[in-house]
Amino acid sequence: MPSTAACKLCLQYRPLCASHALPHSIFNYVLRKNDGKAIEITDDESTPIQYSSDTWDAKLLCRNCESLLNANYDSYGIAVFRGHEGQTYRDASGVTLLRIDQRRLRMFFLSLLWRISVSTHPNYSNIDLPFPWEEEMRHALQHETYLSENKFTVTLRKLHDPTPDGGFSNENLRSLIFSPFGRKYERFISVGYPFLGFFVEVFLPKIPKEYSKRANVLHGKNPVFFAPFVDVLSIPEIMNSLVQGLRKHNKGISKVN
């Protein structure tokens, strides 16, 4: 029987679904390629590297609200990054997305951020946004309105590995799933995570102009968006996790064959 509690979106007491912050289809993509299990690496020193089929779900939303977010945001966002919406062009400096709806794509990533913040799954526990920001996002998502670009700057870059031999392939990078991580800047914070071969970073309450590079900011109604390359190993949080995994592997702290 579904558990009954207050839905995080509509706030009504209803049976709740097993909801996902990062879309379920991302986990399915990884698990399907690896016989239903993925390799899990934790940041602590003692937990061994192990296989996992956890898709990081939690009881968050009623069925109506789950369907609302899926229809308005998830279906479109996933379609863009799977190549079913628009067109993708790659050159030496990055990836250009053609014929896309930047406003809708921006709202897709903000809907993920809201779900990350309200989720009770342990892998999202390090992200807990202030209630006024959560509530502003919740209201917009529930009532299907647009969050002003004066707040919540969404940036998108394409992950790549320039290592000549033995580096991460594009397919490897599409399979990376990390717990979202927070960063503190002088006058704002951000939440970042890899997403199907891209790196998403959302700045709150807004990234000052002197820090902003308009080339990688989702904004306006332009159907063309350019995502410049970012070296996956230049992202400290990802690099540290990979180093931790290598350290555990070398010490034999692993249950992976």
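The expected span of a helix is 1.5 Å times one less than its number of residues. The model is a predicted one, and the points below should be read with that in mind.

1. Length of α6. Helix α6 runs over residues 236-251, 16 residues in total. From its first C-alpha to its last it reaches 22 Å, close to the 22 Å expected at 1.5 Å a residue.

2. The buried side of α6. Which residues of α6 are buried? They are I238, S241, Q244, G245 and K248. These cover an arc of only 125 degrees around the axis, so they lie on the same side of α6. The partner of the buried residues is β10 (189-195), against which they pack.

3. The other face of α6, and its end. Exposed residues N240, L246, N250 and K251 sit on the face turned away from the buried side of α6. Just after the helix comes G252, with a positive phi of about 80 degrees.

4. Helices α2 and α3. Two packed helices are described by the angle between their axes and the distance between the axes. For α2 (residues 63-81) and α3 (residues 102-118), the angle is about 115 degrees and the axes are 9 Å apart. Angles of 65 to 115 degrees count as roughly perpendicular, and α2 is therefore roughly perpendicular to α3. The crossing of this pair is left-handed.

5. Contacts between α2 and α3. On the α2 side, the residues that meet α3 include L69, Y73, Y76, I78, V80 and F81. On the α3 side, the residues that meet α2 include L105, M107, F108, F109, L112 and W114.

6. Helices α2 and α4. The axes of α2 and α4 (residues 131-142) come within 10 Å and cross at roughly 85 degrees. That angle makes α2 roughly perpendicular to α4. Here L68, L69 and Y73 in α2 meet A140, L141 and Q142 in α4.

7. Is C7 buried or exposed? With 1% relative accessibility, C7 counts as buried. C7 is placed in the loop between β1 (4-6) and β2 (13-20). Leaving aside residues up to four places away in sequence, C7 touches Q12, L16, L60, L61, C62 and C65. The C-alpha atoms of C7 and E66 are separated by 9.7 Å, with the two residues 59 residues apart along the chain.

Conventions. Residues numbered from 1 in each chain as written. Predicted model: local features only at pLDDT ≥ 70, side-chain atom pairs only at ≥ 80, totals over all residues. Heavy atoms only, no water. Helix = DSSP H or I, 4+ residues; strand = E, 2+ residues; numbered from the N terminus. Buried < 20%, exposed > 50% of the residue type's maximum accessible area, 1.4 Å probe, protein only. Arc of directions from axis to C-beta. Contact = heavy atoms within 4.5 Å. Axes fitted to C-alpha atoms, helices over the stretch in contact; angles between N-to-C directions. Parallel < 35°, antiparallel > 145°, perpendicular 65-115°, else oblique. Left-handed = near helix turned anticlockwise from the far one by under 90°.
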